[in-house]
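Good morning, and thank you for coming.

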Amino acid sequence: MKNGNTKAPQPLKLDSSLQHRGELLATVSDKIGCGTYRFEVTGRTQLESQIRNGLNPWDKFLDIGCGAFCGGYWTMHFLNAGCYHGLEPNVDMFKGGLNYILEPDLLELKQPKFDHNDQYDFSVFNTRFDFMFAQSIWTHAGKKDIEKMLDGFVKFSNDKARFLTTVKLPDMFHKDYKGDEWVGGSHQSDVKGTVRHSFKWIKEACAKRGLSVKRLPGEKINTQHLILIQKP
Ligand SMILES: C[S@@+](CC[C@H](N)C(=O)[O-])C[C@H]1O[C@@H](n2cnc3c(N)ncnc32)[C@H](O)[C@@H]1O
């Protein structure tokens with residue numbers, strides 16, 4: 001929480017907009033996952049793209065790096081009980097989401113499951129997923145971690161599963177990222193930043209695992225492009 005601020009959360013006003021809730025959370029926490037300015041729009045856009053790309057209410061869904069539920073809020077409301085799974089190693093950010101973003105009875109109603117490991121270990125949920133989602137994760141992670149996520153997708157999802165993720169692609173001014181370290185805010189770092197991975201490399205990494213990948217022209221969440229990965 002901000003500057004070691006441990007004051008009790010203000011009661012959540014159930015009729016306040018998600019934008020207001022995000023802004024309130026930003027008054028006590030430096031880390032809210034997505035930016036404050038477009039908190040509500042960024043979350044709504046996530047659910048829109050998930051639905052456009054085949055998400056069903058009954059799908060077992062994994063939100064990799066769910067942060068403070070900027071998008072998870074909407075997805076959790078959409079999905080049937082027991083379907084939402086959130087992975088988030090930054091426990092402070094996660095708790096901020098519980099206190100400021102999700103309505104208290106939502107957890108009881110939707111029975112979401114959470115884990116806080118930072119190894120992209122999806123086995124902890126003991127589930128075969130229908131839909132995996134990573135918003136603003138591949139734009140911070142190194143290639144080794146992306147490969148772990150792809151391996152997890154192969155191993156812990158159904159044959160018809162989808163993996164929807166946002167990316168930033170290299171261009172004249174931004175190079176393909178060769179490092180292994182996470183770049184940007186996380187449970188271990190306060191330094192801001194993003195990374196890019198070439199679509200050629202992504203395609204090869206998917207092909208190695210028998211996966212197909214396609215770009216989704218025109219589909220974006222803020223400045224990040226969406227790609228869709230599937231089993232053959
Ligand atoms: C830019 S934020 C995006 C949060 C969320 N997806 C959203 O759109 O609001 C990146 C998130 O990835 C999380 N993260 C960092 N390392 C991670 C890891 N090893 N496994 C899963 N999530 C991680 C961060 O704590 C942070 O919540």
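Against which helices do the buried residues of α1 pack? Please keep in mind that what you see is a predicted model. The partners of those buried residues are α2, residues 39-52, and α4, residues 91-100.

Let me describe α1 itself. This helix spans residues 18-28, and its buried residues are Arg21, Gly22, Leu24 and Leu25. These four lie on the same side of α1, because they cover an arc of only 160° around the axis.

I turn to packing geometry. Two packed helices are described by the angle between their axes and the distance between the axes. For α1 and α2, the angle is about 120° and the axes are 7 Å apart. The two helices are therefore oblique to each other, and the crossing of α1 and α2 is right-handed. The contact involves Leu18, Gln19, Gly22 and Glu23 on α1, together with Phe39, Glu40 and Gly43 on α2. Sorted by class, the residues of this contact are two nonpolar, three polar and two charged.

From α6 the contact draws on Lys143, Ile146, Glu147 and Leu150, and from α7 on Trp201, Ala205 and Cys206. In terms of class, the contact of α6 with α7 has five nonpolar residues, no polar ones and two charged ones.

Now to the loops. Which residues have a positive phi of about 55° without being a glycine? Tyr120 is one of them, and Asn222 is another. For context, most residues other than glycine have a negative phi. Tyr120 sits in the loop between β3 and β4, and it counts as buried because 22 C-beta neighbours lie inside 10 Å. Asn222 belongs to the loop between β6, residues 212-221, and β7, residues 224-230. With 13 other C-beta atoms within 10 Å, Asn222 is partly exposed.

The loop between β3 (113-115) and β4 (129-134) also holds His116. His116 has 13 C-beta neighbours inside 10 Å and so counts as partly exposed. Neighbours within four places in sequence aside, His116 is in contact with Glu88, Pro89 and Val91. Its C-alpha atom is separated by 21 Å from that of Glu103, 13 residues apart along the chain.

Finally, is Gly193 buried or exposed? Gly193 counts as exposed, because it has 11 C-beta neighbours inside 10 Å. Its place is the loop between β5, residues 157-167, and α7. Beyond the neighbours within four places in sequence, Gly193 is in contact with Val183 and Gly184. Gly193 and Glu219, 26 residues apart in sequence, are 22 Å apart from C-alpha to C-alpha.

Thank you for your attention.

Methods: Residues are numbered from 1 along each chain as its sequence is written. This is a predicted model: local features need pLDDT of at least 70, side-chain atom pairs count only at pLDDT 80 or more; totals for chains, interfaces and linings use all residues. A residue is buried if 20 or more other C-beta atoms lie within 10 Å of its own, exposed if 12 or fewer, and partly exposed in between; C-beta atoms are placed from the backbone. The arc is that of the directions from the helix axis to the C-beta atoms. Two residues are in contact if their C-beta atoms, placed from the backbone, lie within 7 Å. Ala, Val, Leu, Ile, Met, Phe, Trp, Tyr, Cys and Pro count as nonpolar, Asp, Glu, Lys and Arg as charged, and the others, Gly among them, as polar. Axes are lines fitted to C-alpha atoms, for helices over the stretch in contact, and angles run from 0 to 180 degrees between N-to-C directions. Angles under 35 degrees count as roughly parallel, over 145 as roughly antiparallel, 65 to 115 as roughly perpendicular and the rest as oblique. A crossing is left-handed if the near helix is turned anticlockwise from the far one by less than a right angle, and right-handed if clockwise.
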